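Visitor: I would like to learn how to read helices and their packing. Could you walk me through a case?

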Amino acid sequence: MGQLIPWNPWSTNRLFCRYLTKSERWRTMGDTAKDTRQRIVAFTETRDLVVKERALRMLLFGSKETRTRAKAERLFGQGIEATRRDDYLRATALFEQAMNLYRMIPGTEEEQAACLKCLATILLALDKLPESESSFRHALTLFQNIPGTKENQADCLYALAITLRKQGNLAESETLSRQSLALYQTIPGTEENQADCLYSLAITLYQQGIPVDAEFIYRQSLVLYQALPGTELGQADCLYNLAIALSDQNKSTEAESVRRQALTLYQTIPGTERDQADCLHDLANTLDELDKPAQAEPFFREALALYQTIPSTQHEQARCLYNLANTLHKLGKNAQAEPLYRQAITLYQTIPGTQQKQANCLNNLATTLDDLGKPAQAEPLYRQALTFFQTLPGTQHEQSNCLYNLANSLHNRGRQAQAEPLYRQALTLYQQTSGTEFEQANCLYNLAKILIDLGKPAQAESMLRHALTLFQAIPGSQEKQARSLSNLAATLNALGKPAQAESVCYQALTLYRAIPDSETNQAICMSNLATILDALGKPAQAEPLYRQALTLFQTAPKTERNQAQCLYNLAISLNRLEEPDKAALLYRQALTLFRSISGTERDQANCLNNLATCMLNLRKLSHAESLYYQALTLYQKIPGTEYEQATSTYSLATTLLSQGKLDPTEALYQDALKQAVSAALFNDEYRYQLSSPTKRRAWVTNRAQPSMILAIALAGVLEEASLVAELVAKWRMVGSLAAIPAARNSDIFLITTMPDFTPEPEETLTRTPGPNLVLPHPRTTPLYQHPTIADRPRAHYR
């Protein structure tokens, strides 16, 4: 909102012209002709020398009263001239002296009132409001007892209303403005005074928080000004303030038009550069509010250029730089915004009492640096801004915004543990600030994502449900609701609640389908829902969803990775539906896409391995052999793929055996066994490093158990009875896994985690015995001494 421009009706020409005329008249007023004749007679006829001397003095110099009046008139005239020169201090002294002299002369109440009125006006200009108020009241009282002074009374009422408004006495100011207006309306030729009075009344109404009434009065004032020649400045001021009243009523489109009219008028009036700059700045702000930042930018730049030519406008320059930077930030011109924020901060640092503005600049500069990919530079600025805000009363909202932005920055840099408490602090502050439901919901949503990353899905579920409830009460937040539902579905799936996850995911999908331009999000939601259905053993329901998701991904830019993953997951579903020929085609398509994407070597190896299995099931053994070799070659280049290498090697050996190629088979089984045992033991021990029961269960189901089963199977194929015995004994051991700090965060993506249908565990997870197997051989060699695994990697206990 712009700063109201009070119209100054007491300019030199308009304020004192009528008193100058009167003072000239008063100077010619002396003794009458009759008085003069009487004094001549007294001088010539008297023989008393004392009387003769007194008569001569009266004849030459007039009476004492006449001399006093003449001196008062002279002082009054000098006061007017001093006022015209803006020498207010001298003018004040002269008016006071004139008034004191008039008080010595009976019947000069009008002259006294005139002095008081001029004196009060100067005191108002000097911002000495209590003294001005007292003088205006005194002058008004005198004028009200003098016939024919209605215009002077109206002037006093009008000026007194301004004085009271400046002192915050808005109710009485309004009353006096209306009285003044009523008087002016009875006096012909006072249309400009009426316009001034209406303008002042509108300002008072606006300051009382009644912009609707203020708008009505501004429009009446404007009509009067527009009918009077030479009132362009009054019209421009009226239009400017009318625009402010319109903006307060959210009539931004109308405000834009009115501001443009005001600007056009100001640009025709010399000496209004400051008004032009204010108008340009506020017009730019209005365009920003109307979501027209590209149109706002040039107006901000024009305003800034003007301010920079006007002395003592450092505050306005800083404000303009800040708002221009905000606009550039909206336009994605962050590189241009950054230096402007820095210039604004530098200016604000020279202006006392601008700590909050400095903090706002620091916060927005930090956000800009974040967007420019400079989070390390952003973090200290967020912290400086927060320190400022924490010293300023009434800035809870700004503090919460700053905490939220800092938490986002840390979250994006993978520093979840540091981000979590900041989100919680921001949430607490938002909850203490009315009207921040949207911010609270965003905070809850992001906090839930942090908790998921930190392996706390049970807490995340609660946060997501709370965020969803808030979003559902906010109009226009359908996309936020859909995102919350989608993440809630993932969280429920991770918590072993796939049936609930399925229902929630359907709700998210329904919302996304109603949101324009959300095809990519729809596709992601469909793909995730299909994965949940696959995990629930419903591959027939999953298949069409994968196909729909794939169709949507193929129409969206930069979704090659999503397309490849969708093809891969669809192929897995078809394999489960015993359609290996169709699955093979999809694996090949997925492989082609993955090969075009850097950093997907593991995905490529998985495609090759699964495609080889399809070929094996289709009895295309030579094709399967080649593909297993390719998969194995890739896996061997990827750290942490011992289990995958073991499965590929095992499958390759089985394929060669099926073709009667016996020579390399045993060596491959030995290689597979070594890899499988190493992976099985590492995965079994790694459970101890996971603090979350949910993560432990997921790890056991997806990694530890399959790798142990493979190791036992390979040891059995190679007739390593003692090794089988040790592995079975290892798996059958029972122990307590107490909650301990996690060594590192799990990389498992929750939506793809295999579901676990066991009840929610206690804080400690009891290690469940493995298969009820009978030991095939006495335990003779401790497992850690077995030659197959002498050099295996180990997961260190914590």
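Guide: Gladly! The expected span of a helix is 1.5 Å times one less than its number of residues. Keep in mind that this is a predicted model.

Visitor: How many residues does helix α5 have, and what does it reach from its first C-alpha to its last?

Guide: Helix α5, residues 88–102, has 15 residues. From first C-alpha to last it reaches 21 Å, close to the expected 21 Å.

Visitor: Which residues of α5 are buried?

Guide: Here is the general idea: an α-helix has 3.6 residues a turn, so residues three or four places apart point the same way. In α5, the buried residues are Ala91, Thr92, Leu94, Phe95, Ala98, Met99, Leu101 and Tyr102.

Visitor: Now for a pair. At what angle do α13 and α14 pack?

Guide: Angles over 145 degrees count as roughly antiparallel. Helix α13 (residues 252–266) and helix α14 (residues 273–289) pack at about 160 degrees, with axes 9 Å apart, and are therefore roughly antiparallel to each other. The crossing of α13 past α14 is left-handed.

Visitor: What makes the contact, by class?

Guide: Eight nonpolar, three polar and six charged residues form the contact of α13 with α14. Among them are Ala255, Arg259 and Leu263 of α13, and Cys279, Leu283 and Leu287 of α14.

Technical notes
Residues numbered from 1 in each chain as written. Predicted model: local features only at pLDDT ≥ 70, side-chain atom pairs only at ≥ 80, totals over all residues. Heavy atoms only, no water. Helix = DSSP H or I, 4+ residues; strand = E, 2+ residues; numbered from the N terminus. Buried < 20%, exposed > 50% of the residue type's maximum accessible area, 1.4 Å probe, protein only. Axes fitted to C-alpha atoms, helices over the stretch in contact; angles between N-to-C directions. Parallel < 35°, antiparallel > 145°, perpendicular 65-115°, else oblique. Left-handed = near helix turned anticlockwise from the far one by under 90°. Contact = heavy atoms within 4.5 Å. Nonpolar A, V, L, I, M, F, W, Y, C, P; charged D, E, K, R; others polar.
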